[in-house]
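Biologist: I'd like to learn how to read packing and charge pairs in a model. Could you walk me through it?

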Amino acid sequence: MVNVAVLGARGRMGAEAARAVQAADKLDLVAELDVDNRLEELVEAGAEVVVDFTHPEAVMDNLRFCVEHGIHAVVGTTGFTDERLDQVRGWLADAPGVGVLIAPNFSVGAVLMMRFAEQAARFFPSVEVVELHHPLKADAPSGTAGRTAELISAARRRAGMGNVPDATTQEVDGARGARVGDVHVHSVRLSGLVAHQEVLFGGQDETLTIRHDSLARTSFMPGVVLGARTVVERPGLTVGLEHYLDLD
Ligand SMILES: NC(=O)C1=CN([C@@H]2O[C@H](COP(=O)(O)OP(=O)(O)OC[C@H]3O[C@@H](n4cnc5c(N)ncnc54)[C@H](OP(=O)(O)O)[C@@H]3O)[C@@H](O)[C@H]2O)C=CC1
Ligand SMILES: O=C(O)C1=N[C@H](C(=O)O)C[C@H](O)C1
């Protein structure tokens with residue numbers, strides 16, 4: 001059995017993750033903590049793995065505590081920049097046995113969407129990402145959209161592609177979305193939605209749309225459970241659930 005604690009357990013994802021861990025074989029839910037708990041309670045509960053679905057402003061302190069106390073971490077919270085990832089690598093250098101998985105999206109379908117988009121990128125001069133989420137989401141663009149855009153940009157660079165075609169010279173602020181690498185990313189916040197994304201590619205007289213829909217938060221749970229079971233065997237930092245899925 002692996003002892004698992006959930007941070008952000010009163011939140012939308014944390015509550016679902018606690019249910020999933022409780023129902024999973026070989027995982028034991030030992031603590032459900034939220035903003036008014038002390039991090040020391042993780043140690044007191046004997047947590048070996050922490051699942052973090054909190055807030056971009058809280059997650060770094062949580063992660064530092066876990067690494068310093070030899071607790072593996074499965075992180076769904078978004079807001080990770082290259083600088084933040086480097087900081088985590090620095091902490092892990094002093095804790096060689098500890099594993100940290102940071103996954104912008106735990107749904108297998110979303111991971112495949114990102115992989116397919118990366119594969120398609122070199123064939124299409126035009127690309128835009130549209131992500132659509134519930135209006136309670138704190139960050140924009142979503143972590144998934146940011147990661148998708150980074151993967152596409154890197155694939156375009158490897159293929160020696162130039163800028164995306166775009167004749168815009170006059171623009172109302174924000175009309176062309178945010179730029180992540182080469183890619184324009186548009187964020188929609190709409191009641192009734194959970195988490196959705198379209199990657200739109202355009203070439204000569206054809207378009208390709210890759211769309212993923214998370215229709216409920218249970219869609220993320222097989223990935224969370226896989227993460228909690230696997231992270232104990234994967235020391236160091238892993239970014240992206242794809243590395244636990246044996247995709248190649
Ligand atoms: N990787 C993935 O697959 C997914 C990632 N996410 C990400 O997960 C994160 C959480 O999303 P969601 O569940 O919708 O958000 P919620 O706001 O519903 O939940 C976050 C919870 O964390 C609590 N919290 C805030 N700070 C701390 C802290 N320092 N310690 C412990 N708990 C804290 C919040 O308390 P309070 O409300 O009082 O502040 C709240 O209960 C977001 O970054 C989101 O983007 C979401 C879905 C899937
Ligand atoms: O906040 C959410 O809901 C989600 N956040 C993650 C993100 O920012 O990519 C994953 C998923 O899109 C749901």
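Biologist: Which residues does L101 touch, leaving out those up to four places away in sequence?

Modeller: Happy to start there, and keep in mind that this is a predicted model. In soluble globular proteins, nonpolar side chains tend to be buried together. Here, L101 touches A73, V74, V75, F106, G227, V231, T238, G240, L241 and Y244.

Biologist: Which residues have the most contacts inside the largest nonpolar core?

Modeller: L101 is among them, along with V4, L27, V51 and F106. That core has 30 residues. Two or more residues come from each of β1, α1, β2, β3 (49-52) and α7 (221-230). The biggest giver is α1, with five residues.

Biologist: What does the second, separate core include?

Modeller: It has 21 residues, including A120, F124, A145 and F201.

Biologist: Let's turn to charges. How many salt bridges does the structure hold?

Modeller: The general idea is that side chains of opposite charge can pair when their charged atoms come close. This structure holds 16 salt bridges. One of the pairs is R10 with D34, whose closest N and O atoms are 3.7 Å apart. The two residues sit in distant parts of the chain, 24 residues apart: R10 is in the loop between β1 (2-7) and α1 (12-23), and D34 is in the loop between β2 (27-33) and α2 (40-44).

Biologist: Is R10 buried or exposed?

Modeller: R10 is exposed, at 58% relative accessible area. R10 also belongs to a network of salt bridges that links R10, D34 and D36.

Biologist: What distance separates the closest N and O atoms of D166 and R176?

Modeller: They are 3.1 Å apart, and the two residues form a salt bridge. Both D166 and R176 lie in the loop between α6 (143-158) and β7 (178-180), so the pair ties together parts that are ten residues apart in sequence.

How values were computed. Residues are numbered from 1 along each chain as its sequence is written. Chains are lettered from A and ligands numbered from 1 in the order in which they are written. This is a predicted model: local features need pLDDT of at least 70, side-chain atom pairs count only at pLDDT 80 or more; totals for chains, interfaces and linings use all residues. Side-chain values use heavy atoms; hydrogens and water are left out. A salt bridge is a side-chain nitrogen of Lys or Arg within 4 Å of a carboxyl oxygen of Asp or Glu. Helices (H or I, at least four residues) and strands (E, at least two) are DSSP runs, numbered from the N terminus. Buried means under 20% relative accessible area, exposed over 50%, partly exposed in between (1.4 Å probe, protein chains only). A nonpolar core is a set of buried Ala, Val, Leu, Ile, Met, Phe, Trp, Tyr and Cys residues joined through side-chain atoms within 4.5 Å. Contact means heavy atoms within 4.5 Å.
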